[in-house]
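User: I am learning how labels are given to parts of a protein model. Could you go through some of them with me?

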Amino acid sequence: MTDLALYRNIGIFAHVDAGKTTTTERILSLTGKIHKIGEVHDGEATTDFMEQEAERGITIQSAAVSAFWKDHRMNIIDTPGHVDFTVEVYRSLKVLDGGIGVFCASGGVEPQSETNWRYANESEVARIIFVNKLDRVGADFYRVVKQVEDVLGANPLVMVLPIGTEDNFTGVVDLLTRKAWVWDGSDDPLAYEIQDVPADMVDQVEEWREKLIETAVEVDDDAMEKYLEGEEVDMDTIKACIRKGTRELTFFPTYTGSAFKNKGIQLVLDAVIDYLPNPVEVPPQPEIDDEGNETGEFAIVDVDKPLRALAFKIMDDRFGALTFIRVYSGKLEKGSTVLNTATGKTERIGRIVEMSADDRIELDGAQAGDIVAVVGMKNVQTGHTLCDPKHPATLESMVFPDPVISIAVSPKDKGGSEKMGIAIGKMVAEDPSFRVETDEDSGETILRGMGELHLDIKIDILKRTHGVDVEVGKPQVAYRETITKAVEDSYTHKKQSGGSGQYGKIDYIIEPGEQGSGFEFESKVTGGNVPREFWTAIEKGFRVSMDTGVLAGFPCEDMKVTLLDGGFHAVDSSAVAFEIAAKAGYRQTVPKAGPQLIEPIMNVDVFTPEDHVGDVIGDLNRRRGMIKSQEAGVTGVRIKAEAPLSEMFGYIGDLRTMTSGRGQFSMEFAHYSPCPKNVAEEVIKETIERNAKK
């Protein structure tokens, strides 16, 4: 039986291009997992094994790898940095016990690092920080440490200081041991010497070491007392304090180096072992009931307890469907039967494999604390719980953001539609933020995603991985409708034509709800004018109607319906009659309630060199953008703005033109906001014309 104290489940996350994948490569190289180091810029990284990843030099899927360091087993997940793929980061954090946040020494805390950090805070994942790329022009370790404090509101615990910077970066000083790790210029990770602290850094090292110990002992009263009385706190006690503070998210041990130049990674690996929690030290996963409420029971990390496991990722590859599973308690054995509580069906566990990116090692079983993949599961989706059929339980699932952009696709040749359907089905199973639906009127297949790049990659996968050539329509924005004023109204549904009739009368108020509230229903009927058993039918009638707005057929948002009174007939009234009355009431009243088109507004984060700031701001203003803030950094300016999604199509091309290829941006959904009148009229006209053609 494996000792769980020797396990570390960790993720590596950061902004695009901060060097996560390169860091993962170096870790795999040092732990003996790979012999030749693959470079991202050559398209050869181990964890970037998709063609699209190798080509674009970005990570799209989170890849899982197992490695060993100092007798400890590490399950490492390398996550994407691009905002369109944050769902990958989110679901990975859900199953991890610790993480390494990688920041670029010249770029600092970038937009996506903030989003990922926020996700990690919500998931309460302990982290260490690695400030990477210290060999780059404009690199400044101390500035990034300050940004972590100011931008992320986090408390970085500086563990090492860099020796030199940019081209002169040669190594780091370990503050705890007061020893310098100095690499020669050969880029061999093992070509280093441990030396005394350089003479010109002695005072600086003592100052930062003092700060480190002062912060660390604050989490332990006894150590604090010793320290205040002037006693020397021993190394084991300091390390125990750092471990405790890291686990409690009080502070985040902070390291620096250059993954590309193979400097400083060993200390990060030691920190993973020394300071990040093992599976037993993390608060256990709560179990939930059918309504999604916590039951008070927990999946205790214990091999002898009943099986509790969460499927957190589905991946289709040349060997068939792979389901990535985190085992929280009990054992998962080859040949055993497990219950999927989401579907109520049991499945037999066939092959269990340990993943080494694209390779796999066959296993007989897995136990609490393990992250493994199971081959060939049929009906399991992301977020499903697998458990012991004799002791059923459901773990907290994952909530994914709704897509904000859609495109229509159709196969180029007639015979391709079945092939396309199968391929898209597999892709939807893999990525919960990617949805597909069929337009009932036109029969078109509509793909929905988180951004242009997201859908662009999906089309690319369709073509290359699945061999389906498709025609792509232009992107459509997910507009919504809402109402702006309250209207009190009444509707009577009567049908008397031979046989039993239908009768239902409702008096109600339709009014705007709070932003983001969706649909609310309340009944104030007293007495028996509308019997209680018909209330749910009335609610259903209104709720279903909200799928189609009155302006252009977009779904309606944020509406409250209050049932005031009504009437019923002892023989002719039925749930169906009241549901029809509610649907007709919606169509009658919503046009009077000031219906309005609302559009998705995105948080836009643009990075631009200083000399192009005016052009970028002018361009954002032309796109109806609202500038929120701008912040000058060493290498350029970060502009935060809000802008409508409809104006942001093709923005990356325009930004690159304006900034001679040096600008970067990311955006994520912020909220819905009313469309200006001229835009709304144009959208409604276009939509009605498009629907008429269908």
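User: Which residue in E13 is the bridge partner of isoleucine 288?

Analyst: This is a predicted model, in which local features need pLDDT of at least 70, side-chain atom pairs count only at pLDDT 80 or more, and totals for chains, interfaces and linings use all residues. Residues are numbered from 1 along each chain as its sequence is written, and side-chain values use heavy atoms, leaving out hydrogens and water. The partner of isoleucine 288 in E13 is glutamate 294.

User: What makes E12 and E13 a pair?

Analyst: Two strands (DSSP runs of E, at least two residues, numbered from the N terminus) pair if DSSP finds at least two bridges between them. Strand E12 (residues 285-288) and E13 have 3 bridges in the antiparallel sense, so they meet that definition.

User: Why is cysteine 241 called buried?

Analyst: Buried means under 20% relative accessible area, exposed over 50%, and partly exposed in between (1.4 Å probe, protein chains only). Cysteine 241 has 2% relative accessibility, so the residue counts as buried.

User: Why is aspartate 196 called exposed?

Analyst: Its relative accessible area is 54%, and therefore aspartate 196 is exposed, whereas lysine 179, at 32%, counts as partly exposed.

Terms used:
Helices (H or I, at least four residues) and strands (E, at least two) are DSSP runs, numbered from the N terminus.
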